[in-house]
Structure formats: structure tokens, C-alpha cells
Amino acid sequence: MEARERLPCRDDPDAWFVEGLRPRQARELCAGCAYLEPCLVYALGRPELWGVWGGTTRRERESLRRGRAAAELPAA
């Protein structure tokens, strides 16, 4: 994925790697980004432990991964 337009996360990458960032702040940082969904898909497919990806915090991505793994389990 290569963005053609300027993206705030590329202008100031350090702004996106804030420890302890709250979910609301993460969503605000990524609000209006045309690459929000592809960014999140990328982060969920890799062990991105730090930073804001696709408007989510590390904890939110961990929760999404657990939910995805549970959904893939065979029915009992």
C-alpha cells in the first residue's frame, strides 16, 4: 500500500507512537484518512505491538485478533 497523498502519520510518525494513547485519541488521529481500513487490515495481519494503526490502539488490535481467532474455531 503506497499512499499518493500526504498522510499525517507520515508527516510526523512520532505522533502515532504515543504510549498510553486512549481509544478516542487514536480514532481522532486517524479520522478522515483514506487508508484507515487498509492500515488496520495490515496491522491485524502482523504483530504490530506499538502505535496507532487504523485508528486503533495496541489493546484494541489484540482484542480484535482474539475475536477473529474465536470466530475461526469450529462449532462445538
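**Figure 1. Surroundings of R61 in a predicted model.** Beyond residues up to four places away in sequence, R61 touches L40, A43, L44, E48, L49, W50, G51, V52, W53 and T56, where contact means heavy atoms within 4.5 Å. R61 is found in helix α4, residues 58-71. Helices (H or I, at least four residues) and strands (E, at least two) are DSSP runs, numbered from the N terminus. R61 counts as buried because its relative accessibility is 0%; buried means under 20% relative accessible area, exposed over 50%, and partly exposed in between, with a 1.4 Å probe and protein chains only. A polar atom of the R61 side chain lies 2.8 Å from the backbone oxygen of T56. A polar contact is a pair of N or O atoms within 3.5 Å; within protein, one must be able to donate a hydrogen and the other to accept it, and residues adjacent in sequence count only if both atoms are side-chain atoms.

The model is predicted, so local features need pLDDT of at least 70 and side-chain atom pairs count only at pLDDT 80 or more, while totals for chains, interfaces and linings use all residues. Residues are numbered from 1 along each chain as its sequence is written, and side-chain values use heavy atoms, with hydrogens and water left out.

Figure 2. R65 is found in helix α4 and counts as partly exposed, at 23% relative accessibility. Not counting residues up to four places away in sequence, R65 touches A43, L44, R46, P47 and E48. Two backbone oxygens are shown with the R65 side chain. The backbone oxygen of A43 lies 2.8 Å from a polar atom of that side chain, and the side chain of R65 reaches the backbone oxygen of R46 at 2.8 Å. G45 is found in the loop between α3 and α4 and counts as exposed, at 57% relative accessibility. The C-alpha atoms of G45 and R65 are 8.8 Å apart in space, with the two residues 20 apart in sequence.

**Figure 3. The salt bridge between R58 and E62.** The structure holds 1 salt bridge, defined as a side-chain nitrogen of Lys or Arg within 4 Å of a carboxyl oxygen of Asp or Glu. R58 forms a salt bridge with E62, and the closest N and O atoms are 2.9 Å apart. The two residues are separated by about one helical turn, because they stand 4 residues apart in helix α4. R58 counts as partly exposed at 30% relative accessibility, and E62 counts as partly exposed at 25%. Side chains of opposite charge can pair when their charged atoms come close.

Figure 4. C39, A43 and L44 are the buried residues of α3. Seen down the axis of α3, these buried residues fall within an arc of 130 degrees, so they line one face of the helix. The arc is that of the directions from the helix axis to the C-beta atoms. The exposed residues E37 and V41 are carried on the face of α3 turned away from its buried side.

**Figure 5. L36 and its partners.** L36 has its place in helix α3 and is partly exposed, with a relative accessible area of 35%. Its contacts, leaving aside neighbours within four places in sequence, are with C30, G54 and G55. L36 and G54 are 18 residues apart in sequence, and their C-alpha atoms are 4.6 Å apart in space.

**Figure 6. C9 and C30.** C9 has its place in helix α1 and is partly exposed, with a relative accessible area of 34%. C9 and C30 are 21 residues apart in sequence and 8.3 Å apart in space, C-alpha to C-alpha.

**Figure 7. The whole chain and its confidence.** The chain has 4 helices and 0 strands, in the pattern α-α-α-α along the sequence. Of its 76 residues, 25% are buried. Among contacts between residues at least 6 apart in sequence, 43% join residues at least 24 apart. The chain exposes about 5,900 Å², of which carbon and sulfur atoms supply 55%; accessible areas come from the Shrake-Rupley method with a 1.4 Å probe, and for residues only the protein chains shown count as cover. The mean pLDDT of the chain is 76, and 68% of its residues reach 70 or more; pLDDT is the predictor's confidence in each residue, from 0 to 100. Confidence is lowest in helix α1 (residues 8-11), at a mean of 70, and highest in helix α3 (residues 36-44), at 89. Where pLDDT is low, the predicted coordinates should not be read in detail.
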